[in-house]
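Reader: I am new to this structure. Please take me through one part of it closely.

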Amino acid sequence: MKKYFAELVGTFVLTFLGCGAAVALGCGAENTAAIVGTAMAFGLSVIAMAYTIGGISGCHINPAITLGVFLNGGISAKDCGMYMLFQVIGAILAAAVLAGIVATDPSIVITTATGANACAFGAANGLIVEIVLTCLFVLVVLGATSKTNGATNNFAGLAIGLSLILIHLVGIHFTGTSVNPARSIGPALFEGGQALADLWVFIVGPLVGGALAACIWKFIQPAED
């Protein structure tokens with residue numbers, strides 16, 4: 001249970017700090033500084049959690065990563081399902097706390113008051129963006145944590161966190177950037193409306209992207225000594 005609870009805590013931190021930054025900074029298409037700040041918040045949250053719980057659970061804190069690791073033979077089916085369950089619970093708890101905090105501040109009038117995702121240019125566009133970005137992100141995760149990388153995988157958390165910053169810099173304009181179903185489920189449940197209607201995009205897209213990344217990594221993965 002410790003590794004499952006670690007995933008809950010890690011996903012809570014990622015969702016609360018990442019989405020919290022988006023809310024506090026007023027992240028939007030016209031606010032470049034807020035976009036950069038939000039991207040950094042998500043990336044730095046991953047780095048912090050990687051070096052906090054990485055030795056306990058591997059610090060997936062993302063169902064798309066868990067799926068990719070499972071398809072790559074890194075965890076069992078049971079752990080895959082339990083990781084995903086606890087990740088979603090962690091994200092929901094984080095969104096609940098954030099929603100409670102936001103409710104006390106009448107100055108926050110932005111539409112995504114819990115950091116929920118939205119398809120700015122339609123569901124089809126959002127789906128493609130989420131598939132591609134998640135595929136690239138999970139590919140970095142699989143490569144950076146591979147045993148074939150030797151001592152360099154000690155810096156996996158840094159590589160993964162920095163890549164997530166880049167992913168957000170590209171994706172925020174189009175979808176708000178999810179690449180993580182759990183991180184989207186929590187805020188959408190409290191935001192409701194269009195965020196909840198579009199939620200399927202941010203579940204299907206990242207999971208498809210994670211599966212594609214696993215396929216690509218299996219093809220290019222170097223043989224172990």
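Which residues make the nonpolar surface patch?

Author: The patch is made by Val36, Met40, Leu44, Leu166 and Leu169. Its area is about 430 Å². First, some ground rules. This is a predicted model, in which local features need pLDDT of at least 70 and side-chain atom pairs count only at pLDDT 80 or more, while totals for chains, interfaces and linings use all residues. Residues are numbered from 1 along each chain as its sequence is written, and side-chain values use heavy atoms, with hydrogens and water left out.

Now the term itself. Patches take residues with over 30% relative accessible area and no salt bridge; nonpolar side chains (Val, Leu, Ile, Met, Phe, Trp, Tyr) are joined within 5 Å, like charges within 9 Å. Accessible areas come from the Shrake-Rupley method with a 1.4 Å probe, and for residues only the protein chains shown count as cover.

Two helices matter here. Helices are DSSP runs (H or I, at least four residues), numbered from the N terminus, while strands are runs of E of at least two. Helix H2 (32–57) and helix H6 (156–175) each supply at least two residues of the patch. H2 gives the largest share, three residues. Leu169 lies in helix H6. Leu169 is partly exposed, because its relative accessible area is 39% (buried means under 20%, exposed over 50%, partly exposed in between, with a 1.4 Å probe and protein chains only).

A salt bridge is a side-chain nitrogen of Lys or Arg within 4 Å of a carboxyl oxygen of Asp or Glu. The count comes to one. Lys3 pairs with Asp79, and the closest N and O atoms are 2.9 Å apart. This pair links distant parts of the chain: Lys3 is in helix H1, Asp79 is in helix H4 (residues 77–102), and they are 76 residues apart. Lys3 is partly exposed at 29% relative accessibility. Asp79 counts as buried at 13%.

Rings come last. Rings of Phe, Tyr and Trp (its six-membered ring) pair if their centres lie within 6.5 Å; planes under 30 degrees apart count as stacked, over 60 as edge-to-face and the rest as tilted. The whole structure holds four aromatic pairs. Phe12 and Phe16 are stacked, because their ring centres are 5.9 Å apart and their planes lie at 15°. Both sit in helix H1 (residues 2–25), four residues apart, about one turn of the helix. Phe12 is partly exposed at 25% relative accessibility. Phe16 is partly exposed at 23%. Elsewhere, ring pairs link Tyr4, Tyr83 and Phe86 into a cluster.
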